[in-house]
Amino acid sequence: MIDRYSRQILFREIGEEGQKKLGNSSVVIIGCGALGTIIATSLVRAGVGKVKIIDRDFIEYHNLQRQVLFDEEDIESQLPKAIAAERHLKKVNSSVEIEGVVADVNYANIERLITGADLILDGLDNLETRFLINDVSLKHKIPWVYGGAVSASGMTTNIIPGETPCFRCVVPSLPPSAVIHTCDTVGVIGPAPFVIGSLQSTEAMKILVGTKEINRGVIVIDVWQGTFRSFKIEPRQDCPTCQGRYEFLDGKFGTRTTALCGQNAVQVLNPESAGLSLEELAKRLSPLGEVSYNEFMLRFTVDNHEMVVFPDGRVILKNTTDESLARGLYAKYIGT
Ligand SMILES: [Zn+2]
């Protein structure tokens with residue numbers, strides 16, 4: 001096994017000592033899209049002892065452009081991302097304990113899912129679950145590495161409980177859905193998440209081997225412009241999470257889903273999205289599917305899913321009782 005890692009051990013900042021630490025470490029990667037596949041690949045190859053990969057989605061053709069662990073066979077086999085990732089990576093490094101978990105991470109299950117982890121890595125496509133990770137990180141004193149990429153740009157930062165400001169110090173609350181750009185509305189080119197995922201993997205290795213010189217600011221990149229910037233962040237005095245109030249973990253905020261009995265439909269409710277502009281939403285969604293709206297509701301049809309959106313941020317997904325699918329589509333198209 002030493003031979004497998006010989007080039008990494010030669011790198012002075014890792015060395016034999018660092019390699020042992022990586023081997024004794026356990027990480028959880030939440031979200032296995034473009035960022036998650038890069039992070040999982042890097043850390044499994046680097047010999048991190050235990051890698052848990054959590055994702056709720058199946059693989060689609062439009063993922064292959066940037067989600068480097070998956071292939072056409074995975075789609076034909078209709079594999080969930082977490083399972084396909086586990087299968088591919090077990091062939092890469094059989095000495096790592098790899099566990100793919102197909103789950104929608106929410107306030108009811110996140111504490112169980114991260115039990116025993118030394119570090120949490122964010123490979124998500126939505127802000128709401130990041131607030132949850134932030135809560136659970138501070139509550140259980142487990143560091144996490146934030147990463148996000150959309151279009152040609154991306155950013156990353158480390159959140160070390162008790163040492164750095166937290167995510168909610170920087171982003172106090174969920175922004176209105178209409179201002180959030182996602183990969184499904186403005187697109188993304190592969191190199192943006194590749195760079196961010198690589199930076200996250202590097203910070204993960206640094207944190208796991210115990211280096212003191214970790215990134216304590218926010219790194220912002222734009223691969224199209226070729227720019228790389230970094231800025232400091234300050235702790236916010238009135239940050240509830242830093243004061244030990246875990247509002248997202250307590251289920252106080254965020255998306256609620258309810259299967260609408262007898263209607264074969266699921267309702268998704270996000271109080272933070274109240275005051276949604278249907279006109280703006282229609283502009284954003286019309287290139288992606290069929291949209292019609294009036295002042296009371298917006299009807300959106302995409303990939304055989306029909307959604308009805310109300311100005312109070314409520315969405316009804318028709319012809320299904322699958323709450324996890326509804327949350328996924330909400331995050332994808334409505335924003336948070
Ligand atoms: Zn804070």
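My entries follow, starting with the ground rules and then the metal site.

**Ground rules.** I'm working with a predicted model, where local features need pLDDT of at least 70, side-chain atom pairs count only at pLDDT 80 or more, and totals for chains, interfaces and linings use all residues. Residues are numbered from 1 along each chain as its sequence is written, and side-chain values use heavy atoms, with hydrogens and water left out.

**Zinc.** I looked up which residues hold the zinc ion: the protein donors are the SG atoms of Cys166, Cys169, Cys239 and Cys242, lying 2.3 Å from it. Donors here are N, O and S atoms within 2.8 Å of the metal (3.2 Å for Na, K and Ca), and water is not among the atoms, so sites may look incomplete.

Along the sequence the donor spacing reads C-x2-C-x69-C-x2-C. Cysteine 166 sits in the loop between strand S6 (153-159) and helix H8 (167-170), and cysteine 242 in the loop between strand S8 (227-232) and strand S9 (256-260), so this pair ties together parts 76 residues apart in sequence. Helices (H or I, at least four residues) and strands (E, at least two) are DSSP runs, numbered from the N terminus.

Is each of these two cysteines buried or exposed? Cysteine 166 counts as buried at 1% relative accessibility, while cysteine 242, at 42%, counts as partly exposed. The cut-offs: buried is under 20% relative accessible area, exposed is over 50%, and partly exposed is in between (1.4 Å probe, protein chains only).

**Core.** Next I checked the largest nonpolar core, which has 40 residues; Val27, Leu43, Val51, Ile53, Leu119 and Leu121 have the most contacts inside it. Such a core is a set of buried Ala, Val, Leu, Ile, Met, Phe, Trp, Tyr and Cys residues joined through side-chain atoms within 4.5 Å. Several elements give two or more residues to it, including helix H3 (34-46), strand S2 (50-55) and helix H10 (191-209). H10 gives the most, with eight residues. Apart from this core lies another, of 30 residues, and Cys166 and Cys169 are among them.

**Glycine 147.** I found glycine 147 in strand S5, and at 0% relative accessibility it counts as buried. Leaving out residues up to four places away in sequence, glycine 147 touches Leu35, Asp122, Arg130, Met155, Thr156, Ile196 and Gln200; contact means heavy atoms within 4.5 Å.

**Helix H7.** Helix H7 (residues 127-140) has 14 residues, and 12 of the 14 are buried, so it is largely enclosed by the rest of the structure. Just after H7, lysine 141 takes a positive phi of about 55°.

Asparagine 304 has a positive phi of about 70°; it lies in the loop between strand S12 (298-302) and strand S13 (305-309) and is exposed, with a relative accessible area of 78%. For asparagine 319, phi is near 60°. Asparagine 319 lies in the loop between strand S14 (315-318) and helix H12 (323-334) and is exposed at 58%.

How values were computed: Expected span 1.5 Å × (residues − 1).
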